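Work through the following exercises with the sequence and the model open side by side. Each task is followed by a solution that goes step by step.

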Number of protein chains: 2
Amino acid sequence: MSSKRLRVLLIGACGTIGSAVKANLAERHEVITAGSKSGDIQIDIMDVTSIKQAFEKLSPLDAVIMTLGKATFAPFAELDAAPLEESKHLLGIENKLMGQVNVAQVARDHLADGGSITLTTGILNEHPVPGSVSPSMVNGALDAFVKAAAMEMPRGIRINSVSPSVLRQSLEKYGPFFRGFKPVEAADVALAYSRSVESLVTGQVLKVW
Amino acid sequence: MSSKRLRVLLIGACGTIGSAVKANLAERHEVITAGSKSGDIQIDIMDVTSIKQAFEKLSPLDAVIMTLGKATFAPFAELDAAPLEESKHLLGIENKLMGQVNVAQVARDHLADGGSITLTTGILNEHPVPGSVSPSMVNGALDAFVKAAAMEMPRGIRINSVSPSVLRQSLEKYGPFFRGFKPVEAADVALAYSRSVESLVTGQVLKVW
């Protein structure tokens with residue numbers, strides 16, 4: 001598998017991780033970049049139609065990688081009990097969680113045999129920080145989804161998540177949330193995506209911390 | 001703490017686990033039972049108003065235990081990509097996940113100082129079975145929620161989840177999903193709830209398997 005040139009869809013390509021993943025994989029593979037506004041093709045992961053249209057248009061694809069997903073950071077005291085549509089948990093559930101789950105569920109039906117799906121979670125479910133309750137919850141859901149879905153994937157399709165710690169490149173923005181965490185290099189995080197795509201692991205959380 | 005008679009709200013009291021928890025705790029504590037239709041008081045965990053009204057009416061409470069929560073078992077192939085409101089993941093997200101999260105978020109604001117919150121998850125995020133993708137995902141979310149929320153609980157309030165394997169008492173119904181799993185006794189599962197309420201652990205997943 002390592003010698004075949006793969007056709008890879010990278011959703012979230014313009015982000016810090018996405019850029020590093022592109023730099024890594026584009027040396028050996030065809031990387032099609034996607035974003036909500038930029039990239040070779042536009043995909044809104046919260047819009048199932050937009051996901052399906054992209055896969056139909058780009059088929060055949062060997063791999064999809066997601067390096068995006070939003071969730072709300074807020075002090076737990078500010079997370080009031082509320083119906084889902086008014087909950088501060090909604091963004092994480094609709095965007096980072098179900099956005100990636102829906103891409104995975106479309107990819108399951110559209111990827112070439114033996115293809116791979118790689119999601120992005122993060123360190124916060126195992127090592128929460130103040131204000132991370134909602135992102136922690138979403139990451140826990142994603143890691144469990146990957147483990148369970150891997151068992152039932154058809155046609156040799158694999159699925160993994162990459163769980164990075166805070167990036168050195170993002171310290172200015174996120175550093176105050178991650179006091180005491182050793183930052184990781186985006187290029188090292190990109191290696192985990194390469195491992196998911198180019199090795200044979202499945203159902204794994206590839207931790208970079 | 002072990003010698004004080006506590007006022008405990010048990011939501012889901014008529015279920016197999018709930019009945020065992022009641023039998024265990026009622027020997028030493030005041031247990032107020034709640035269900036959607038039965039019990040001392042009616043609570044619908046999907047209705048935030050009903051949760052808030054119950055806590056206001058029953059205050060002061062030292063502990064709340066949830067032994068309920070629904071999620072959809074289905075072959076992964078049948079979980080189509082869909083908007084959240086049409087997704088087969090919605091039941092688990094709205095009921096088992098956000099139902100319990102909302103009870104926890106109300107309890108955080110209403111329990112007596114030093115009180116405790118105990119949720120129910122299950123073995124499936126660590127040991128998925130065919131058809132469990134959605135329940136596995138929800139359990140992963142809940143275990144991570146508990147770990148993160150514990151750090152930010154005010155007034156010495158603690159929060160844990162109990163994660164049981166399949167119950168011997170439920171083998172007739174769930175046995176076919178859990179081939180090769182060693183069933184556990186409801187009375188042994190009840191001990192974990194007692195540990196959550198009557199010891200000082202917090203942020204833990206109390207596994208019974």
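Copies are superposed by least squares on the C-alpha atoms of residues with pLDDT of at least 70 in both. This is a predicted model, in which local features need pLDDT of at least 70, side-chain atom pairs count only at pLDDT 80 or more, and totals for chains, interfaces and linings use all residues. Residues are numbered from 1 along each chain as its sequence is written, chains are lettered from A and ligands numbered from 1 in the order in which they are written, and side-chain values use heavy atoms, with hydrogens and water left out.

**Exercise 1. Relation of the chains**

Determine which rotation and shift superpose chain A on chain B.

Solution. The superposition takes a rotation of 180 degrees with a shift of 0.0 Å along its axis, and it leaves an RMSD of 0.0 Å. This is therefore the relation of a two-fold axis. Turning to the interface, 100% of the interface residues of chain A are also interface residues in chain B, so the copies meet through the same surface.

**Exercise 2. Packing of two helices**

Describe how the axes of H2(A) and H3(A) cross, and name the residues through which these helices meet.

Solution. Helices are DSSP runs of H or I with at least four residues, strands are runs of E with at least two, and both are numbered from the N terminus. The axes, lines fitted to C-alpha atoms over the stretch in contact, with angles from 0 to 180 degrees between N-to-C directions, come within 10 Å and cross at roughly 35 degrees for H2 (residues 48-58) and H3 (residues 90-110) of chain A. The crossing of H2(A) and H3(A) is right-handed, that is, the near helix is turned clockwise from the far one by less than a right angle. In contact (heavy atoms within 4.5 Å), H2(A) contributes Val48(A), Ile51(A), Lys52(A), Phe55(A) and Glu56(A), which meet residues of H3(A) including Gly99(A), Val103(A) and His110(A).

**Exercise 3. Surroundings of Phe55(B)**

Decide whether Phe55(B) is buried or exposed, and list residues that it touches.

Solution. Phe55(B) lies in helix H2 (residues 48-58) of chain B. Buried means under 20% relative accessible area, exposed over 50%, and partly exposed in between (1.4 Å probe, protein chains only), and Phe55(B) counts as buried because its relative accessibility is 1%. Leaving aside residues up to four places away in sequence, Phe55(B) touches, among others, Leu9(B), Leu61(B), Val106(B) and His110(B). Phe55(B) and His110(B) are 55 residues apart in sequence, yet their C-alpha atoms are 6.7 Å apart in space.
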